[in-house]
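Trainee: I have a model open and want to go through its architecture. Can we take it step by step?

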Amino acid sequence: MASGQDGQPDRRGQADLDRQDGGQDTQGPRSGQLGRASRAGIVVARPFGIPVVVSPYWFVIAGVFIVIYANDFSNSLHGNIRFAVAAAFVVLLYLSLLVHELAHSVVALGFGLPVRRILLYPLGGISELDKEPQTPAREFLVSAAGPALSLALGAVGWGLSLVVTHGVSGSLVRLLMYANIIVGIFNLLPGLPLDGGRMLRAIIWKFTGKPNTATIAAGWVGRALAIALLLVIPFYSDRLAGGIMTGTLWVAVIAAFMWIGASQSIRATKFRERLPELQARRLARRAISVPASMPLAEAIRQADENHARAVVVVDHDDKPIAILNEAAVMATPPQRRPWVDAGSMARSIEPEMILPADISGMALLEAIKRVPASEYLLVEPSGQVYGVLAARDLDHVFAGV
């Protein structure tokens, strides 16, 4: 089980960047995020004004854990008491994970970083920040706070275990002690999306001055750790709760989420690196204007003659009213093109399909997200047509991401 902070290359709204739908500097699922978090959930508390959201899947997995631990207690406890003890342990365990996340959040608040919410889900927790830590040192401290507090809880549990040595209470104390120590140590592993990966990222960022390079490096270490977990831990799965099959299954699930989280961090970082290339003016296709009644073959001929890759259909006042659809043109056999009007192959221009030629970055992505289309009309501030932006050209910018 792992807990931690952001799930993104630099702990920033990775979730947001992965969806490619927002320009805000949102720090998404923080380390310990084993995979992308769902927005759905139930708000159960607001410590320090931070909403604590429990994923609906938590109740399912918590029930599975209760059954597993109840079976483990079958040798020492009998009847329904073992299920009550198992339920108490699972609840206390997730409370300790909440404290882990609160440690991240409180340190972040101390640095003036707004915390959007804390999400508890089946395999851990996430602290979502609305801003990325401004320096590598702050990144390191915010990331280290969670494992440090988990280890501190483990130390407290060890102290209590010296006093409470027998009965149900003694068993719970020892289980929580081991659980917090495992959570703390596991999250210190130096690979994304774990806290240790954030700490490694901060160190590489400090020495290189390149946060994106640091994220990709820490992400690849996270991938390597996921593979190592699959290769090494199964040999010890018989020591895990539930026996060999159950232990191996949980290890496989955790390794898979680690791989997914690390991959999301790498992908989102590459996405951000490509954003500067996302300039409508640079990606625009040269366009010619033709009346709707012009035969398609003639419109294509004129476009080729003017080295244009787009055709804009205009009305009697030379006002753009439609854009020739490239897919429709390609689907029309050459022998039919002299007998088909250009207007019949064009898509009408909606107001939202007219974009300023200087639009770029996330603003451009948000604009095309509002009205999905294959082509968009680009205009100068004066209203003059600059060219046509094809959606497929945007895809080429992010090819391989």
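Mentor: Start with a term: a residue is buried when its relative accessible area is under 20%. Keep in mind that this is a predicted model.

Trainee: What share of the 401 residues in the chain is buried?
Mentor: The cut-off is a relative accessible area under 20%. Applied to the 401 residues of the chain, it gives a buried share of 48%.

Trainee: How many helices and strands does the chain have?
Mentor: Both kinds of element occur in this predicted model. The count comes to 13 helices and 11 strands.

Trainee: Among contacts between residues at least 6 apart in sequence, what percentage join residues at least 24 apart?
Mentor: Contact here means heavy atoms within 4.5 Å. Take the pairs at least 6 apart in sequence, then ask for at least 24 apart. The share is 66%.

Trainee: At what angle do helix α3 and helix α5 pack?
Mentor: Two packed helices are described by the angle between their axes and the distance between the axes. For α3 (residues 81–110) and α5 (residues 167–187), the axes lie 10 Å apart. The crossing is right-handed. The angle is about 35 degrees.

Trainee: How many charged residues does the contact of α3 with α5 have?
Mentor: From α3, the residues include Val85, Phe89, Leu92 and His100; from α5, they include Leu172, Leu176, Asn180 and Val183. By class, this contact has 12 nonpolar and 4 polar residues. The number of charged residues is none.

Trainee: How close do the axes of α3 and helix α4 come?
Mentor: Helix α4 covers residues 136–163. Its crossing with α3 is right-handed, at roughly 145 degrees. The axes come within 8 Å.

Trainee: How many nonpolar residues are in the contact of α3 with α4?
Mentor: Val99, Ala103 and Val107 are among the α3 residues that meet α4, where the partners include Leu141, Leu149 and Leu153. The contact also has 6 polar residues and no charged ones. The nonpolar count is 10.

Trainee: Along strand β5, which side chains point to one face and are buried?
Mentor: The side chains of β5 (residues 287–291) alternate.

Trainee: Which residue in β6 is the bridge partner of Val290?
Mentor: β5 runs parallel to strand β6 (residues 310–314), and 5 bridges join them. The chain gets from β5 to β6 through helix α10 (residues 296–305), in a right-handed β-α-β crossover. The partner of Val290 is Val313.

Trainee: In β11, which residue is the bridge partner of Tyr376?
Mentor: Strand β10 (residues 375–379) runs antiparallel to β11. The two are joined by 5 bridges. The partner of Tyr376 is Leu389.

Trainee: Is Leu230 buried or partly exposed?
Mentor: Leu230 is in helix α7 (residues 211–232). Beyond neighbours within four places in sequence, Leu230 is in contact with Ala252 and Ala255. Its relative accessible area is 45%, and buried would need under 20%. Leu230 is therefore partly exposed.

Notes. Residues numbered from 1 in each chain as written. Predicted model: local features only at pLDDT ≥ 70, side-chain atom pairs only at ≥ 80, totals over all residues. Heavy atoms only, no water. Axes fitted to C-alpha atoms, helices over the stretch in contact; angles between N-to-C directions. Helix = DSSP H or I, 4+ residues; strand = E, 2+ residues; numbered from the N terminus. Left-handed = near helix turned anticlockwise from the far one by under 90°. Nonpolar A, V, L, I, M, F, W, Y, C, P; charged D, E, K, R; others polar. Pairing = 2+ DSSP bridges. Buried < 20%, exposed > 50% of the residue type's maximum accessible area, 1.4 Å probe, protein only. Right-handed = clockwise from strand over helix to strand, strands pointing away.
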